[in-house]
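The sequence and structure are shown first.

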Amino acid sequence: MENRSQWGSRLGFLLAAMGSAIGLGNIWRFPAVAYENGGGAFFIPYLFALLTAGIPMLIMEFTIGHKYRSSAPRALKRISGGMEWIGWWQIAISFVISTYYPVIVAWASMYAYFSFSQAWGNNPESFFMNDFLNRTDPGTFGSIVPSVLWPMIIIWVIVFVILFRGVNKGIELANRIFIPLLLICFLLIVIRAVTLPGAFTGLEAFFAPDWSSIMDGSVWVSAYAQIFFSLSIGFAIMVTFSSYLPKKSDITNNAFITGFSNSSFELLAGIGVFAALGFMAAQTGQEVSEVVEGGVGLAFVVFPEIVSQMPASGLFGFLFFASLVLAGMSSMVSISETYIAGVQEKFNVSRRTSVLIGVGFASVVSLLFATQGGLVLLDTVDYFINNYGIALAGLIQVVGIAWFARELNNLQAHADSVSDILLGSWWQFSLRFITPLVLGYMMIQNLRTDMT
Ligand code: PFF
Ligand code: NA
């Protein structure tokens, strides 16, 4: 019997799962996705996706990890010998993400510092592209940008220390610090944002429902895509984390808590971001629709502009970028843990050896993204990971478990034996039919748009 590491408490596990789920996707992805896909009306497909794919998949991953007490490759192998590779595929995706995630965290940490002096001046876009990233033409890497390199080294050292200290004294402790801090920083931002002049116009734009969007298939695909990415499903993370749960642990309840906390944070972010966008629109005499943006553009171009126009702007900017750093770090730790655990089990090495190899390798690869050409590379890799990698990994996993290994009855029995809430037929129905169909449709749609 191996002596498997364990979480110190239920809260520790929940904080780690939330730490993984709550990330950049909540802050910079959800608000723009919701706005572009029907505003207030988006909440219908979104809730539907949460209940028919997000939480069911989360329950499935939690149950697999808990039942087989293994990270993804070994757990899937124990279910059926032919499925181990699915776990390695998920780990490969996690590895790739873990090489570019720290770059964004590095940018955000520099921007937290820039907030005080407003180093971006009057043209944040040109500052970001030219002065900060020192960008080169697509296709060339140029050299490593020092202002990105140094924060990245610090970030990797922190990730290394957290993972090296293990599940309980490392990951759990880190999340006990990160998550409350994140909540405080972010709540302060939201309170400040909604009390700014113009905030209400922003919120109106965000919540205004476009009911016709509900009839649009691509809106539903966006809802499912957001849920998958946001709940860190299909990456081997949630399987790995639940493998460290004590034998007596509620599975189903924990999945509901994780799912709803993550969505609450998304809603909060939508309110904060759109209140700030409303303020900016009012200041510059634009429509909210003209200033809406997501992703890198929102964080490193639009937000600096907002910050520059705010009273007490240094603090506001600092809190915003600190939130990105905190949210990013806990996701970063979770995603790196997948390959640490996978390698440790597969090659029977100690955790520390595995951390040394895994973090060592990932940190070296990540330097590619710290070069002058890093942003272009990051965009490309992120695009493929988001549009194909994640959906494909989730699709193969759910089809493998539900149809190939016919494992759902066993998993349901296991989850029910430890959980307060018993799984109804919605759970199996979601995993056998709804999730695979939506994921399959998503892949085909993405392929079709890319071909034309
Ligand atoms: N769930 C995170 C978010 O919503 O930002 C993103 C993420 C973290 C995706 C970790 C994948 C991952 F492995
Ligand atoms: Na999330």
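How near do the axes of α4 and α5 come, and at what angle do they cross? In this predicted model, the two axes come within 7 Å and cross at roughly 160°.

## Helix α4 and its surroundings

The crossing angle makes α4 roughly antiparallel to α5, because angles over 145 degrees count as such. The crossing of α4 and α5 is right-handed. On the α4 side the contact involves Ala-72, Pro-73, Ala-75, Leu-76 and Lys-77, and on the α5 side Glu-84, Ile-86, Gly-87, Trp-88, Gln-90 and Ile-91. By residue class, the contact of α4 with α5 holds seven nonpolar, two polar and two charged residues.

Helix α4 spans residues 72-79, and six of its eight residues are buried, so the rest of the structure largely encloses this helix. The buried residues are Ala-72, Pro-73, Ala-75, Leu-76, Lys-77 and Ile-79. They pack against α3 (43-68), α5 (84-117), α11 (237-242), α15 and α17 (374-404).

## Overall fold

The protein chain has 19 helices and zero strands. Its radius of gyration is 21 Å, close to the 22 Å that the globule rule gives for 452 residues, so the chain is as compact as a globular protein of that length. Taken along the principal axes, the C-alpha atoms fill a box of roughly 60 × 50 × 45 Å.

Of the 452 residues, 52% count as buried. Among contacts with a separation of 6 or more, 87% are between residues 24 or more positions apart.

## Helices α8 and α15

Helix α8 covers residues 166-194 and helix α15 covers residues 313-347; their axes come within 9 Å and cross at roughly 150°. The two helices are therefore roughly antiparallel to each other, and their crossing is left-handed.

From α8, the contact takes in Ile-171, Ala-174, Asn-175, Phe-178, Ile-179, Leu-181, Leu-182, Cys-185, Phe-186, Leu-188, Ile-189 and Arg-192. These meet Phe-316, Leu-319, Phe-320, Ala-322, Ser-323, Leu-326, Ala-327, Met-329, Ser-330, Val-333 and Glu-337 in α15. The residues of the contact of α8 with α15 comprise 18 nonpolar, three polar and two charged.

## Helices α17 and α19

The axes of α17 and α19 are 9 Å apart, and the helices pack at an angle of about 150°. That angle makes α17 roughly antiparallel to α19. The crossing in which α17 passes α19 is left-handed.

On the α17 side the contact is made by Asn-387, Tyr-388, Ala-391, Leu-392, Gly-394, Leu-395, Val-398, Val-399 and Ala-402. On the α19 side it is made by Leu-431, Arg-432, Thr-435, Pro-436, Leu-439, Gly-440, Met-442, Met-443 and Asn-446. The contact of α17 with α19 divides into 12 nonpolar, five polar and one charged residue.

Ile-27 lies in helix α2 (residues 24-36). Is Ile-27 buried or exposed? Ile-27 is buried, with 28 other C-beta atoms within 10 Å. Leaving aside neighbours within four places in sequence, Ile-27 is in contact with Ala-269, Ser-323, Leu-324 and Ala-327. Ser-323 and Ala-327 are also among the α15 residues that meet α8. Between Ile-27 and Leu-76, which are 49 residues apart along the chain, the C-alpha separation is 32 Å.

Ser-425 is found in helix α19 (residues 425-451). With 8 C-beta neighbours inside 10 Å, Ser-425 counts as exposed. The C-alpha atoms of Ser-425 and Ile-97 are separated by 34 Å, and the two residues are 328 residues apart along the chain.

## Positive phi in two loops

Most residues other than glycine have a negative phi. Ala-236 is not a glycine, yet has a positive phi of about 80°. This residue sits in the loop between α10 (217-230) and α11. Ala-236 counts as buried, with 32 C-beta neighbours inside 10 Å.

Arg-406, also not a glycine, has a positive phi of about 45°. Its place is in the loop between α17 and α18 (408-418). Arg-406 is exposed, with 12 other C-beta atoms within 10 Å.

How values were computed. Residues are numbered from 1 along each chain as its sequence is written. Chains are lettered from A and ligands numbered from 1 in the order in which they are written. This is a predicted model: local features need pLDDT of at least 70, side-chain atom pairs count only at pLDDT 80 or more; totals for chains, interfaces and linings use all residues. Helices (H or I, at least four residues) and strands (E, at least two) are DSSP runs, numbered from the N terminus. The radius of gyration is taken over C-alpha atoms; the globule rule is 2.2 Å times the number of residues to the power 0.38. A residue is buried if 20 or more other C-beta atoms lie within 10 Å of its own, exposed if 12 or fewer, and partly exposed in between; C-beta atoms are placed from the backbone. Two residues are in contact if their C-beta atoms, placed from the backbone, lie within 7 Å. Axes are lines fitted to C-alpha atoms, for helices over the stretch in contact, and angles run from 0 to 180 degrees between N-to-C directions. Angles under 35 degrees count as roughly parallel, over 145 as roughly antiparallel, 65 to 115 as roughly perpendicular and the rest as oblique. A crossing is left-handed if the near helix is turned anticlockwise from the far one by less than a right angle, and right-handed if clockwise. Ala, Val, Leu, Ile, Met, Phe, Trp, Tyr, Cys and Pro count as nonpolar, Asp, Glu, Lys and Arg as charged, and the others, Gly among them, as polar.
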